[in-house]
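Subject: Structure for your review

Dear colleague,

Please find below the structure that I promised to pass on to you. My notes on it follow directly after.

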Amino acid sequence: MKTSLFILILVICPVLEAVSQPFQTVRGVVTDRDTKIPLIGVTVIVTGTDPIIGTSTDLDGEFTLTRVPAGRQTLKFSYVGYETLFVREILIGSGRETVLDIGMKETVGGLDEVIVTPGLRKDIAMNTMAAASARLLSMEEASRYAGGFDDPARLASSFAGVAGNLANNAIVVRGNAASGLLWRMEGIEIPTPTHFANLLTFGGGGITALSSHLLADSDFYTGAFPAEFGNALSGVFDMRLRNGNNRRREQTLKAGILGLDAAAEGPFNSAGSATYLLNYRYSTFSLMGPLLPDDADGINYQNLAFRLNLATGRTGSVGLWGIGATDWSGQSADPDPAAWVYDQDREDLESPTRFGAIGLQVRQNLSNTAFLSTSLALSGNGLRFTMDRYTDEGVLVPRERVRNSAGRAAVSSTLNYKLSPAHIHVSGFTAARLFYNQKISIAESPDYLLDTLIDESGQTWQLQAFSQSSYTIGRATLLAGIHMHYFNLNGRLSPEPRAGLTIRTGNLSSLQLAYGRHTRIEHLPLYFAHPGNRSLGFTKADHLVAGFRQLLAPNLNLNMEVYYQFLTDVPVIPDSSFSTLNLEQDWFIRDRLINDGKGRNYGIDITIERYFSAGWYALLSGSVFKSEYRGGDGIWRDTRNNRNYSLVLLGGREWSWTSEGKARSLGLNGRVNLMGGRRYSPVNMAATFAAREVVYDESMAFSSREPGVFYADMTLEYRINRMRTAGVWSLQFINLTGFQEFYGYRFNLRANRVDRHREAIILPNLSYRFEF
């Protein structure tokens, strides 16, 4: 009797444990990476399972894996005539189904099997036309990496060649100004998608308006980008949106110190051909007032994003997407002169900003070798800045006014055609109508009357077209293309050649060469700051990159690149150190500009990355570089962003276990940032004491240097997977070490001296996320 009971317990216990183990469904679609045609009969298995969990794709290229254990899992995709693909360490949660969009590459000339980790090699972009200076950006990493703060822009600052700041999320690539970056969503250029955009710095803002709930894995470029990208000097952030779950309605609620976040997705009906995906966030800094600069606790912002998708079977899809954001910041002046230490104490500030974009995308499969993607989009952004200041006599007078609104209506179409497995061709065009409404005023005279510098409204055309091909011969892939850029306001046309070469030196290593000429229109107010500025031409940048990649182990990758960028026709002020390569918050310009400036950026980027495996990951990225410019006075100087070096070390460890019928995991992630200080102009002491406000000596522009930067970030995450729901506790810190960033100098009205302005911005966020 005892023996029988013992045997029964041995049999029943594993069964009960299996029943109580949380499971989830993993689904998705597998397509040809180049033509987007669904692949039928692809074998899909979950590696390491016993018995094996597996299936194959159906007539629409779709697959479904049921009862996949919650936690980290690896999927293998294999298909005759295509390279085998491993999607490693996918996080399977019990609260939401995992839906994958997999692209497989057709083999050329019988190449050996290629193992890709995780999902796609992150050091290689999804875009097959990119030879160098491009990589995949994973949204799962944006929420997991320390310092990411669920912000793709801050995540990008961990990559080699990219520098960030604590005070803003501007992306500075290889010493270029942040305004040189192109933001694209679903193939369409959009305004900088961040709160407080262009308020802290041109091309950057405070916190992203994007959500990792909405974004799919995207590509990020740091130089010599393919021919399809135009109107960019420094880099490209090419973002994609994922579709909502087409079989099950799912929701996510998140509450934390920074505010509330809600997301919902699912099918409109049981057929599942039409889906929705929505995300809304409202945030306020009021709870973090003691940790922020003076008067920053009044900041609040909100954003809404969505994607609706209608699948038309194997023939394609129709998608409608949109994103919008509003925010407010400001401060109130103290009317008591006895309380004034610095000018900011007697200033009234108000600066609401906004931006939005909406697009309709139609993707049509024309044949088994070609597809056409066409988009219509409307986008725009606006900023209103007002600053009033109390005079020494206690009278509040207007000091600065900025009203800047811009809109864009665009149509874009791209044709992808696979002539053979070795030859891919892509061509397309974009026609955009630009709208602007600007009024900029400043009071500089003793009578405090506002002087209007710009008062313009109107519209103009921007036209772009491109054609590019990729051809593989043996172990070499040659890329060639051209981009055409026309701007109607100044009547300028720019032909821009692009080329690349990738040579596989072994099954696990390759060499890359890439060249590209790139142009970008200027910040629109510059064209109206002076009557002669309307004829300003494009700033041009020639990028040359040479790189080497080596997969040192299945989960360990080395990537090295050397680069040289030469910029010409940069707008400068004659006989001045001014150059648009150093623009940051320069709204009040009234000077004549000419295309006589130059610039050069050169350096080396090195990345060693250990992909997530066996519960841990690590990344070490470093850059040594030089960034210089020549202003209107003909003198070569350091640019504002010439930090000379940057180093990022990040990593994390995840522990997983099952108890009480729940799959649990604890993740600890850290990041250390080390970089040289930015450059600034020294203070002109005589002029400063005469004006009783800081005046910089621009004849010695950027000859001084800020202190070096060293700070650390941390993320701690605890996940509980129940049978049908999941809960996630998260504690995030930016600048855990309390580093004080340098913001220049301020004149101390009370002590009659010049003070260094340094502040420690510490951003903590404790949150709980519920998935169901």
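The second largest cavity has a volume of about 220 Å³. A cavity here is a set of points, on a 1 Å grid over the protein atoms alone, where a 1.4 Å probe fits but cannot get out; grid points are joined across faces, edges and corners, and a volume is the space filled by probe spheres set on the points. Rolling a probe the size of a water molecule over the atoms shows where empty space is left.

Please note that this is a predicted model, in which local features need pLDDT of at least 70 and side-chain atom pairs count only at pLDDT 80 or more, while totals for chains, interfaces and linings use all residues. Residues are numbered from 1 along each chain as its sequence is written, and side-chain values use heavy atoms, with hydrogens and water left out.

The lining of this second largest cavity consists of 17 residues, and Arg135, Ala160, Asn559, Glu561 and Thr607 are the ones nearest its centre; a lining residue has an atom within 4 Å of a point. Strand 8 (134-137), strand 31 (556-572) and strand 32 (594-613) each contribute at least two residues to that lining, and strand 31 has the largest share, with four residues. Helices (H or I, at least four residues) and strands (E, at least two) are DSSP runs, numbered from the N terminus. By type, the lining of the second largest cavity holds five nonpolar, six polar and six charged residues. For this count, Ala, Val, Leu, Ile, Met, Phe, Trp, Tyr, Cys and Pro are nonpolar, Asp, Glu, Lys and Arg are charged, and the others, Gly among them, are polar.

In the whole structure, the search finds 11 cavities of 30 Å³ or more. The largest cavity contains about 780 Å³ of space. Its lining is made of 36 residues, with Ser179, Glu189, Arg520, Glu522 and His523 nearest the centre. Strand 24 (396-420) gives the most to this lining, with four residues. The lining of the largest cavity divides into 16 nonpolar, 16 polar and four charged residues.

Next, the nonpolar cores. Such a core is a set of buried Ala, Val, Leu, Ile, Met, Phe, Trp, Tyr and Cys residues joined through side-chain atoms within 4.5 Å; buried means under 20% relative accessible area, exposed over 50%, and partly exposed in between (1.4 Å probe, protein chains only). The largest nonpolar core has 35 residues, and Ile171, Trp183, Met185, Phe220 and Met239 have the most contacts inside it. Among the elements that give two or more residues to this core are helix 2 (139-144), helix 3 (152-156) and strand 11 (181-185). A second, separate core has 34 residues, including Leu383, Val402, Tyr527 and Leu593.

Which residues does Ile171 contact, leaving aside its neighbours within four places in sequence? Among them are Ala153, Val162, Leu181, Trp183 and Phe237, where contact means heavy atoms within 4.5 Å.

- Glu771 lies in strand 43 (residues 763-771) and counts as buried because its relative accessibility is 6%. Its side chain makes a polar contact with the side chain of Arg719 (3.5 Å). A polar contact is a pair of N or O atoms within 3.5 Å; within protein, one must be able to donate a hydrogen and the other to accept it, and residues adjacent in sequence count only if both atoms are side-chain atoms.
- Glu584 is in the loop between strand 31 and strand 32 and is buried, at 16% relative accessibility. The side chain of Glu584 makes a polar contact with that of Arg678 (2.8 Å).
- Glu660 is exposed, with a relative accessible area of 68%. Glu660 and Gln21 are 639 residues apart in sequence, yet 9.1 Å apart in space, C-alpha to C-alpha.

Finally, some points concern the backbone. A cis peptide bond, with omega about 0°, joins Asp50 and Pro51. Pro51 lies in the loop between strand 2 (43-46) and strand 3 (53-56). Ala224 has a positive phi of about 45° although it is not a glycine, and Ala224 is buried at 7% relative accessibility.

Yours sincerely

Methods: On a 1 Å grid over the protein atoms alone, a cavity is a set of points where a 1.4 Å probe fits but cannot get out, and a pocket is an open set with protein on both sides within 12 Å along at least five of seven lines; lining residues have an atom within 4 Å of a point.
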